[in-house]
Amino acid sequence: MEKILQVNDLHISFDIHAGEVQAVRGVTFDLYKGETLAIVGESGSGKSVTSKALMRLLPTPPSRIKQGEILFEGKDLTKLSEKEMQSIRGAKISMIFQDPMTSLNPTMTIGKQIMEAILKHQKLSKDEARKRAIELLQLVGIKNAELRMKQYPHQFSGGMRQRVVIAIALACNPKILIADEPTTALDVTIQAQILELMKDIQKKLGMSIIFITHDLGVVANMADRVAVMYAGKIVEIGTVDEIFYNPKHPYTWGLLASMPSLDHKDTELYSIPGSPPDLLNPPKGDAFAPRNPYALKIDYELEPPMFQVSDTHYAATWLLHEMAPKVEPPAIVRERMERFADIVARKGGKPRG
Amino acid sequence: MARQKLLEVKNLKQYFPAGRGEVVKAVDGVTFDIYKGETFGLVGESGCGKSTTGRTIIRLYEATDGEVLFNGVNVHGKKSKKELKELNRKMQMIFQDPYASLNPRMTVADIIAEGIDIHGLAKTKEERMQRVYELLETVGLNREHASRYPHEFSGGQRQRIGIARALAVEPEFIIADEPISALDVSIQAQVVNLLKRLQREKGLTYLFIAHDLSMVKYISDRIGVMYFGKMVELAESEELYRNPIHPYTKALLSAIPLPDPETERTRKRIVYDPAQHGYKDGEELEFREITPGHFVLCSEEEYKRYRAMYA
């Protein structure tokens, strides 16, 4: 598959009064053409900072890309000037955010806002832009598009607003769409509609999606591949089946086990104790170690490297080292793992790892 | 042992004026009971009236019509200060936003002890602080936290403070309005486990309002589903998930993405259209029992059909 974006060893820090917050501490991943990569993690794990850095949307100061590169179409986005970045942002890479109300301008008609995005990047006349805007509204499933063009954001419901935001993001046929919790503020039935819409449009336009969320249900629904972030690092990355049915990192185990499953009503929910580390002073060794019931001595001393599980699956935990003791994941995770071989076999591959 | 009703909500209505003589029927004739020691889940989409129901029960709003009986005593209507105080002590609330629901200018000790002071539950300063320390430990914080301010805590810790505040007056009944929606997944499990443990230890009764249906199913004994101010279905939580009857409940359940890629690939979403009932004008909709303990809002005709299908 063709790589469309490569992020290599990205480090991002925020310089604040109290010191340096190391929000992203060495993130590496590739994005392939036409795929959906989900980035999951709790607040403060660096998932939003990473995605904003791809668009160069972080204000400097206080933010600073300390190290690393973001390769897109042969260019390193971390090195581009603001002017060069403007020809990429919104045209080749676009982004949608959690709250559709605050991403739209309340004093401008919907039509104008969509046309603005078109006229900024494409050499079209106003009439052509209007036509294109109407097409876009129809593409995102808004009826009476011509009438809706003249309306203001407050005349739309939350789900409809998010459709408008998606229409704006798609205005220039971007290669990459970054969606930062696009459905978190919506009701489940509306969320389901928006997710279906995004998959549908992806099929039609063939773009790649980076989907940022903390909802594992949404991930299972949308993603081809999943990257799990913790304390500014990717701790595990793999295909959606590998992450959900053959997870290797104790943090991923914790996330999966802390969701109530349908048949475990009477058992206590598995919960990850404690809270995420302070990235002003990241702990020595593995940042997850203090919350990790499976932590080894070495976790407090030395950060684990990425161990390869399969061609597509990597995890940063010392448990994968050949000298590590064998441990039993939580029961809910073990049940998932029992299904892995079946699922892989059904897809015609051989189980690995 | 027969289950004892702690709370009876009868035909509760809460209308808000919407200007120009119009009214919004936020809650429009809702009836249900909550038994002692159980967790009753209330689910529905934003704007369906679930939070308003909770707030009206605890008398944050004056009900437009209907009754709320707590231990057989009407919550609404004219009350002496003493009676009100007594009710306020027995019913407490935990809110969604742990940032907005704690006064930033008060120390954690004062926040937690406010109820203790109002109800005169501690005779001396030492006793008051002793209670605060105990409560902090009960919710998994420690006594050093007492002198700090809310901004020094994370979302999950603040929610624990909110829970400690609710527990301070030794209530029987707690209304938890989306208590975990603002928290991260790993922290949600901590708070839910805490709520469950407290229920076991103190015999608390919960009304748990939420839109996250998987968590509601986990925590609730029975669940009510609301749609546009009406309760459309009520059943034990297992039963509701296994045999949803009302088409809206089916649509709602089919829309929840599960953390399971295999089932997600084959998911079929059901869309609810209120017109699909084909109710005639003047047709009487009632909350009817289809199978024991499983109620659905339906017409006479639908009732017969549902009975034939499910009973």
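## Chain B fold and chain A domains

Among contacts in chain B between residues at least 6 apart in sequence, 62% join residues at least 24 apart. The model is predicted. The secondary structure of chain B consists of 11 helices and 12 strands. Buried residues account for 41% of its 311 residues.

How do the dimensions of chain B come out? Along the principal axes, its C-alpha atoms fill a box of roughly 65 × 55 × 50 Å. The radius of gyration of chain B is 21 Å. A compact globule with 311 residues would have a value near 19 Å, so chain B agrees with that expectation.

Chain A is described here by its domains. The assignment gives domain 1 (3-223) and domain 2 (228-346). Their C-alpha centres lie 29 Å apart. The contact between them draws 21 residues from domain 1 of chain A and 17 residues from domain 2 of chain A.

Which elements give two or more residues to the domain 1 side of this contact in chain A? The table names them.

| Element of chain A | Residue range |
|---|---|
| strand S2 | 19-32 |
| strand S3 | 36-40 |
| helix H9 | 216-222 |

S2(A) gives the most to the side of domain 1 that touches domain 2, with 9 residues. By class, that side of domain 1 of chain A holds 11 nonpolar, 7 polar and 3 charged residues.

Technical notes
Residues are numbered from 1 along each chain as its sequence is written. Chains are lettered from A and ligands numbered from 1 in the order in which they are written. This is a predicted model: local features need pLDDT of at least 70, side-chain atom pairs count only at pLDDT 80 or more; totals for chains, interfaces and linings use all residues. Helices (H or I, at least four residues) and strands (E, at least two) are DSSP runs, numbered from the N terminus. The radius of gyration is taken over C-alpha atoms; the globule rule is 2.2 Å times the number of residues to the power 0.38. A residue is buried if 20 or more other C-beta atoms lie within 10 Å of its own, exposed if 12 or fewer, and partly exposed in between; C-beta atoms are placed from the backbone. Two residues are in contact if their C-beta atoms, placed from the backbone, lie within 7 Å. Domain bounds come from an automatic or database domain assignment. Ala, Val, Leu, Ile, Met, Phe, Trp, Tyr, Cys and Pro count as nonpolar, Asp, Glu, Lys and Arg as charged, and the others, Gly among them, as polar.
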